[in-house]
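Hello,

Here is the structure we talked about. Please take a look, then read the notes below.

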Amino acid sequence: ETTAQPHTDTSFPTGFVWGAATAAYQVEGAAAEDGRTPSIWDTFSRTPGKVRNGDTGDIAADHYHRYRDDVALMKDLGLKAYRFSISWSRVQPTGRGPGVERGLDFYRRLTDELLEAGITPVATLYHWDLPQELEDAGGWPHRDTAHRFADYAGIAARALGDRVGIWTTLNEPWCSAFLGYGSGVHAPGRTDPAATLRAAHHLNLAHGRAVGALRAALPSSGQTSVTLNLHQVRPLTDSPADAEAARRIDAVGNRIFTGPLLDGAYPEDLLADTRHLVDWGELVRDGDLAEISRPIDLLGVNYYSPTVVSLAADQGAGTRNDGHGASDHSPWTGSEHVAFHLANDELTAMNWAIDATGLHTLLTGLAASHPGLPLMVTENGAAFDDYASPEGRVDDPQRIAYLHAHLDAVRRAIADGADVRGYFLWSLLDNFEWSYGYSKRFGAVYVDYPTQLRIPKASARWYSRVIGNNALPR
Ligand code: GBH
């Protein structure tokens, strides 16, 4: 420690980007308005048994109609940035052809409102809502989908590039590939290991091509990024077997993306682990890796909980504790002998273990492996069993504790040399938590769904003070 008061400095760098995040299908509603067509999540949520209580995103938090009030709320909380996603099937209902102005207009209105409130818009092009027509044509396992995505990226950037400066191509491609096509707990609900790996490659390719389309359409000040849910993988014990389990999960959970995106190649051990499932030589064509590894300006990191693994003798152990609902199929393609464990028994309402040191390790690890690459925490937060008191208050001390611990981990990572530019709380609002429907509340702001009334939780007020002070409470 070299500073004078090492244990009392709780402040963040000047200009640190304080934000909150949402995603189109989770908050917008208006599922059939202004030309929007179904995405894979509309189809999936309408399929009986796929989403808890049969919930859908038809109305969600009605953000499509209430965005003005929601921006006013953000301004009131002092947010400096808002991370939202664009619904592909609003902009290109068939996943092809020209953009639909009525769909684009929503994002023009939203971003105008944000800019007027002094809030920086941060747009994600894909937060899991593939136009159903493209899934019907083969979805992400089909190479053409990557080309369709680049076209869509160009349309969105030409329409909004004058007001949106920070662009993220994909949110958590691991979830799209491995939960969507592997375990099937996410849309489109397929359970095919070969399709999973093909999807992963085509998501990488889609990102790379989209970065090219963004660069062509954006002013030179435009920033491009991708958001990954990097698994902070830990072996259960120091045995060689558990180290092997950690290596495998790191390969198929992290390096399958960071390898091609940041380092220009798929790792050899990943190819070896999975070559019985897919013909990588046929899948990865000449020129793909150069496109995928186009330089980006920022890496987005989403973090919730660490991933603790051991090597199990029993086949199928990989299905346990994956945190994503019941499936007979493991998302961990090619890692059937790996078992998953909780890091501790302090759990959120998702039954995810709370361990903020994982975020520090992740950020400092990236700073060491990829020096010079600016980082942004694009999601972090927790679900708890929040409820509104008869007086209309929502007290969520557990969320305050969670945020405090994780923000302190970010602050320490910065002090240790990680170039972390900002932090986005997941989520601004309670919303549609995918296969859990509305049963899980991640918001800093409570949503009473029957009335759509917004109630800032105690954690929102707490976060607002942190932003105002640019520092954590001592
Ligand atoms: C994000 O996904 C999404 O981007 C967002 O839309 C979603 O609402 C939010 O998080 C909350 O779920 O070790 O058992 O914890 C996060 C998905 C969750 C995938 C944790 C990996 C690890 C399994 N990730 N999960 S476990």
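Beyond its neighbours within four places in sequence, A137 is in contact with R96 and H142. This is a predicted model, so please read every value here as computed from it. A137 sits in a loop. That loop runs between α6 (132-136) and α7 (144-160).

Is A137 buried, partly exposed or exposed? Its relative accessible area is 36%. Buried would need under 20% and exposed over 50%, so A137 counts as partly exposed. As for distance across the fold, the C-alpha atoms of A137 and F442 are separated by 34 Å. Along the chain, these two residues are 305 residues apart.

- Q26: a polar side-chain atom lies 2.8 Å from an oxygen atom of the ligand.
- W426: a polar side-chain atom lies 3.1 Å from an oxygen atom of the ligand.
- W352: a polar side-chain atom lies 3.4 Å from an oxygen atom of the ligand.

How much of the ligand's accessible area does the protein cover? The figure is 93%. That is out of the 580 Å² that the ligand has on its own.

Next, the chain as a whole. It has 16 helices and 13 strands. Its radius of gyration is 21 Å. The globule rule gives 23 Å for 474 residues, which is close, so the chain is as compact as a globular protein of that length. Along the principal axes, the C-alpha atoms fill a box of roughly 55 × 55 × 45 Å.

On burial, 61% of the 474 residues count as buried. The accessible surface of the protein chain comes to about 17,400 Å². Carbon and sulfur atoms account for 50% of that surface.

Last, the contacts along the sequence. Take those between residues at least 6 apart. Of these, 77% join residues at least 24 apart.

Best wishes

Conventions. Residues are numbered from 1 along each chain as its sequence is written. This is a predicted model: local features need pLDDT of at least 70, side-chain atom pairs count only at pLDDT 80 or more; totals for chains, interfaces and linings use all residues. Side-chain values use heavy atoms; hydrogens and water are left out. A polar contact is a pair of N or O atoms within 3.5 Å; within protein, one must be able to donate a hydrogen and the other to accept it, and residues adjacent in sequence count only if both atoms are side-chain atoms. Accessible areas come from the Shrake-Rupley method with a 1.4 Å probe; for residues, only the protein chains shown count as cover. Helices (H or I, at least four residues) and strands (E, at least two) are DSSP runs, numbered from the N terminus. Buried means under 20% relative accessible area, exposed over 50%, partly exposed in between (1.4 Å probe, protein chains only). Contact means heavy atoms within 4.5 Å. The radius of gyration is taken over C-alpha atoms; the globule rule is 2.2 Å times the number of residues to the power 0.38.
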